[in-house]
Amino acid sequence: MGEDKEHRRQGHPLLRGGGARTEPYTHGFSATQMLALTAACGALVPSLPPDSGHSKAVRDFFLASAADPPIPDEVAQLMSAMCLREALALVRTLLWLLGTRLGTLALCGARCLSPRFPFVRRFAEMPVERREDALRRWSREKVFPPLRLFFLLLKVFCLYVFYSLTDENSENPHWRAIGYSPPTDGDACTEEEEQSKSTKRPLDDGVIETIHHTDASLAASLAEKGLAVADDAARDVCRVECDVAIVGSGCGGGVAAAVLAAAGHKVVVVEKGSYFTARDYTSIEGPSMSQLYERGGFVSTLSGSGLLLAGSTVGGGSAVNWSACIKTPDSVRGEWAGEHGLPLFASPDYTAAMDAVFRRLGVTSGCEEEGLQNKVLRKGCEKLGYKVEPVSRNSSEGHFCGSCGYGCRTGDKRGTDTTWLVDAVARGAVILTGCKAEKLLFSDAAGGGARGKKKRCVGVVAASSNPAIARKLEVRAKVTVSACGSLLTPVLLRGSGLKNPHIGKNLHLHPIAMAWGYFPPDTPVPDLQKGKMYEGGIITSLHKVEAGDGLPHRAILETPLMGVAAAGTQFPWVSGRDMKERMLKYGRTVHIFSLVRDRGSGTVHGERRIAYHMDPADRENQREGLRRALRVLVAAGAAEVGTHRSDGQRLKCEGASEKALEEFLDGVTVVRGPQSKSETWSLCCTAHQMGSCRMGATAEDGAVDARGESWEAERLYVCDGSVLPSAVGVNPMITIQSVAYCLATGIAEQLKCDLSSGKK
């Protein structure tokens, strides 16, 4: 039966997950460490006596424990792969200590004492109730913040694995109890669907998936695509010649590839992610996050206070974002043109670029039916007299997909992988997947170079993730474009020897604070009685928290995609029972987040080495937005509301007076991360990264000039969100694509001038 179901299930094998592990674990945790980790998992998600009135699925859910195999080993494996080195060292050290009696006494205090010899229990020997109490104490630890970070790491990875691990049928044993049912195909594929699997994919004419090649076959495939290829056996390099090399295929790289290919240039796009299409996507959270996001969605700031979500697949963020299409606000354009000295943003060319992007993405302004979360946002705002704005999307008006963050299974959402890159391939562009850029290639600039630049960029060196391809790939080009995104473009530039002090600085993240409201199925609000929070368009409405006096808005309120495993990691943990009871309400727990245009900024020090500081004004604006979100949830009819603060801050709404609500809201603050000295804390997730190689009118103002070209090396351009002068304050997809359109148009004009003047 299982094999038949697997045969019928649609989707790429890498996105299905499930099945018994066939390879040995490589996490390297010792037996002592694994005993302590298993005990911690069993305390975070303990086996509990179920209520006799529960269904079998719910009874099984309460009886299940995260100490059950293979969960602890899967947690250790995920930690070893995703944790920063300092965090992993902390986990290993404290687990080792918890495997000793003295270490347990130091970390757990009197909770580990026993009246019997040897009087001190190891952590794994403590009763589960005492282990839970120890975890609560670690969560509140103020004197030794690393202990609180240890708790956070245990909690995040344990709950993520518990709710995302799937069997050979791509199912998790707890989803039925929770009422979670991702939109996967349980019925047999139709004949038409089976036939569609053999049809050509949109990018097949230009894509080369290096994971399927060897050194010899890769060279042959590159030549078949019309590229000049030469093997340099002495240097163990495969050399490719083209006009334009682009690193990255997302909002910046995809648009640049289309514009430059349309201008008649041979374009090679280097993409470290894999290529998937609509028929490959499964909406299964665990494997989708692993394959479609940078580091599986576990990129964090150095302090552990924030998780940064960034796409890592063909199409980049445009393949997994939430479809919101919002043009650059006029106030922001004016600021960038005036205060930053960048006239592009006040020009008709930029306005025309935004219009061109809207046309190519097929942006629509209406929504035939909203999902539960957006209905709640709209209803709550309307009841309070707040203005609600519809959000345009790069999909049809009837698009009712709540899982586009795992790739759009309907193919209705139009990312760069189904638009701009298709245009580029139709004009001869080649896309190399599974291929990571390692460094840029430079030569001395001829005649001293333009504007005194001493270097000229002549291409990029990349390596395939496929072990069968031993040779490096050297892509030689007239022009090289870095479009790796704000987290990785600075890494590539710095790692290649560039020195501009703005490279990696000025990182903006649009930090968010999350509010939730529970709407039971029998809610007295008729049009909110049906639906689940994970169904329907992810963002179809928004509300701006205005500042008044003509000032820009303080925050915007939108609704997120939150998978069941993500909910487990984001919900505050106060006890094992409370967490299970929260998760049983998952499908009807609506989330609204407050997003601010951050004045504070961070620094990209290296790959996965990201520091970020929130400005006090940002924190206050975020608090105002969070309070507004809670008011909206209450007005819409929530039975209970709360925040993601570590102590489980919440309010029962039934019978609550206006005074009680105001007192609750007065206590709502935007707390800092787990390494702060306050008793409460929270974990922030963000999905927008901007500004880490910002444009500047001079080299003292930014990492690149107004044309996107490096101040240090001619013919090296940056064409992604990292060039934005500051945070844009709204979902940035349209802004990034519009900037890329303008910059790529300028590159094409420069290449045309070089050709006419005989410049090589």
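**Packing and salt bridges in a predicted model**

The buried residues of helix H13 pack against H8, helix H14 (317-320) and helix H20 (564-570), where contact means heavy atoms within 4.5 Å. Helices (H or I, at least four residues) and strands (E, at least two) are DSSP runs numbered from the N terminus. The structure is a predicted model, in which local features need pLDDT of at least 70, side-chain atom pairs count only at pLDDT 80 or more, and totals for chains, interfaces and linings use all residues. Residues are numbered from 1 along each chain as its sequence is written, and side-chain values use heavy atoms, with hydrogens and water left out.

Helix H13 spans residues 285-292 and is mostly covered, with six of its eight residues buried. Buried means under 20% relative accessible area, exposed means over 50%, and partly exposed lies in between (1.4 Å probe, protein chains only). In H13 the buried residues are Glu285, Gly286, Pro287, Ser288, Met289 and Leu292.

The interior of the model may be considered next. In soluble globular proteins, nonpolar side chains tend to be buried together. A nonpolar core is a set of buried Ala, Val, Leu, Ile, Met, Phe, Trp, Tyr and Cys residues joined through side-chain atoms within 4.5 Å. The largest such core here has 192 residues, and Trp138, Phe150 and Ile246 have the most contacts inside it. Helix H8 (residues 145-164) supplies the largest share of this core, 15 residues. When neighbours within four places in sequence are left aside, Phe150 is in contact with Leu90, Val91, Leu94, Leu95, Leu98 and Trp138. A second, separate core comprises 31 residues, including Ala513, Leu557, Ile592 and Leu661.

A pair of helices shows packing in detail. The axes of helix H12 (residues 251-262) and helix H24 (residues 733-756) come within 8 Å and cross at roughly 35°; axes are lines fitted to C-alpha atoms, for helices over the stretch in contact, and angles run from 0 to 180 degrees between N-to-C directions. The crossing of H12 and H24 is right-handed, that is, the near helix is turned clockwise from the far one by less than a right angle. Cys251, Gly252, Val255, Ala256, Val259 and Leu260 in H12 meet residues of H24, among them Met733, Ile736, Gln737, Ala740 and Tyr741. Gln737 lies in helix H24 and is buried, with a relative accessible area of 0%. Not counting residues up to four places away in sequence, Gln737 touches Cys251, Val255, Ser318, Val357, Leu361, Thr416 and Trp420.

Charged side chains also pair. The whole structure contains 42 salt bridges, each a side-chain nitrogen of Lys or Arg within 4 Å of a carboxyl oxygen of Asp or Glu. Arg201 forms a salt bridge with Asp204, the closest N and O atoms being 2.9 Å apart, and another with Glu209, at 2.8 Å. Both Arg201 and Glu209 are buried, whereas Asp204 is partly exposed, with a relative accessible area of 23%.

Asp578 and Arg650 likewise meet through their side chains in a salt bridge (2.9 Å, N to O). This pair links distant parts of the chain, with Asp578 in helix H21 (residues 576-584) and Arg650 in strand E19 (residues 650-652), 72 residues apart. Salt bridges that share partners join Asp578, Arg582, Lys585, Glu640, Arg650 and Lys652 into one network.
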